[in-house]
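Take a look at the chain below before reading on. Keep the sequence at hand as you go.

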Amino acid sequence: MEDADPIRTLGDYSRPSHEGYKNTIELPEGNNVIPLRSDTIRWVQNGCLFHGLRSKDPNQHLKDFLKLVDSLDFDGANRERTRLRRTAKLRNDILMFQQHQEESLSEAWTRFKDLLQKVPRHDIDLWLQVQIFYDHDTPAIKRTIDQSTDGKLRDRNAEESWALLDVGSLFLNETLIYCQLCGI
């Protein structure tokens, strides 16, 4: 008889599947139309004029406009929309994580965990968190991770992989500091 919930390796999660995907952003229900006063409309128009000049960036104009509109608070409606937008941006930062040039494994790992803590309800499974971090490391760091884990990280389950990265990043950082102090 086969186990109903076998332990999966990270490699198992790499195979494409739509199972378990869900939308993490829930839009508020109801009528979201809010009457605007004419002075509010003039204030927005005066604060966000765009003339299409070559020296002006249309994308920056849109960002400035959305920031201005978000600053208007109509019965708390924009607070929720702003919170959803901020959560979506932070979640995207997690999904698009990239190790910086000259950044050590320990520094990258700490920065990645800080991103995760900024959005406690990011709804990103542990296996995917490990996968994102590992996939966006430099090839040299990937080799270091694989060497320090006695093989490929993908052959382990998500909890083991997370623990190995957590402990390994500290150990490798201390080893590098020791080597620098000793001139090795």
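The paragraphs below go from the overall fold to a helix pair, the core and a few single residues.

This is a predicted model, in which local features need pLDDT of at least 70, side-chain atom pairs count only at pLDDT 80 or more, and totals for chains, interfaces and linings use all residues. Residues are numbered from 1 along each chain as its sequence is written, and side-chain values use heavy atoms, with hydrogens and water left out.

Start with the fold. The protein chain has 8 helices and 0 strands. Helices (H or I, at least four residues) and strands (E, at least two) are DSSP runs, numbered from the N terminus. Of the 184 residues, 26% count as buried. Buried means under 20% relative accessible area, exposed means over 50%, and partly exposed is in between (1.4 Å probe, protein chains only). Contact means heavy atoms within 4.5 Å. Among contacts between residues at least 6 apart in sequence, 60% join residues at least 24 apart.

Now turn to α6, residues 126-135. This helix is mostly covered, with 7 of its 10 residues buried. They are W127, Q129, V130, Q131, I132, F133 and Y134.

How does α6 pack against α7 (residues 139-148)? The two helices meet at an angle of about 125°, and their axes are 9 Å apart. Axes here are lines fitted to C-alpha atoms, for helices over the stretch in contact, and angles run from 0 to 180 degrees between N-to-C directions. The pair is therefore oblique. Angles under 35 degrees count as roughly parallel, over 145 as roughly antiparallel, 65 to 115 as roughly perpendicular, and the rest as oblique. On the α6 side, F133, Y134 and D135 make the contact; on the α7 side, K142, I145 and D146 do. By class, this contact has 3 nonpolar, no polar and 3 charged residues. Ala, Val, Leu, Ile, Met, Phe, Trp, Tyr, Cys and Pro count as nonpolar, Asp, Glu, Lys and Arg as charged, and the others, Gly among them, as polar.

Stay with α7. Its buried residues are I141, I145 and D146. They lie on the same side of α7, because they cover an arc of only 140° around the axis. That arc is taken from the directions from the helix axis to the C-beta atoms. An α-helix has 3.6 residues a turn, so residues three or four places apart point the same way. The face turned away from the buried side of α7 carries the exposed residues P139 and Q147.

Next comes the core. A nonpolar core is a set of buried Ala, Val, Leu, Ile, Met, Phe, Trp, Tyr and Cys residues joined through side-chain atoms within 4.5 Å. The largest one has 23 residues, and those with the most contacts inside it are I94, F97, F112, F133, I145, L153 and L165. The elements giving it two or more residues are α4, α5, α6, α7 and α8 (158-182). Its largest share, 6 residues, comes from α5. F133 touches F97, L105, A108, W109, F112, I145 and L165, not counting residues up to four places away in sequence.

Last, some backbone details. Most residues other than glycine have a negative phi. E102 is not a glycine, yet has a positive phi of about 65°. E102 sits in the loop between α4 (77-95) and α5 (105-118). Its relative accessibility is 79%, so E102 counts as exposed.
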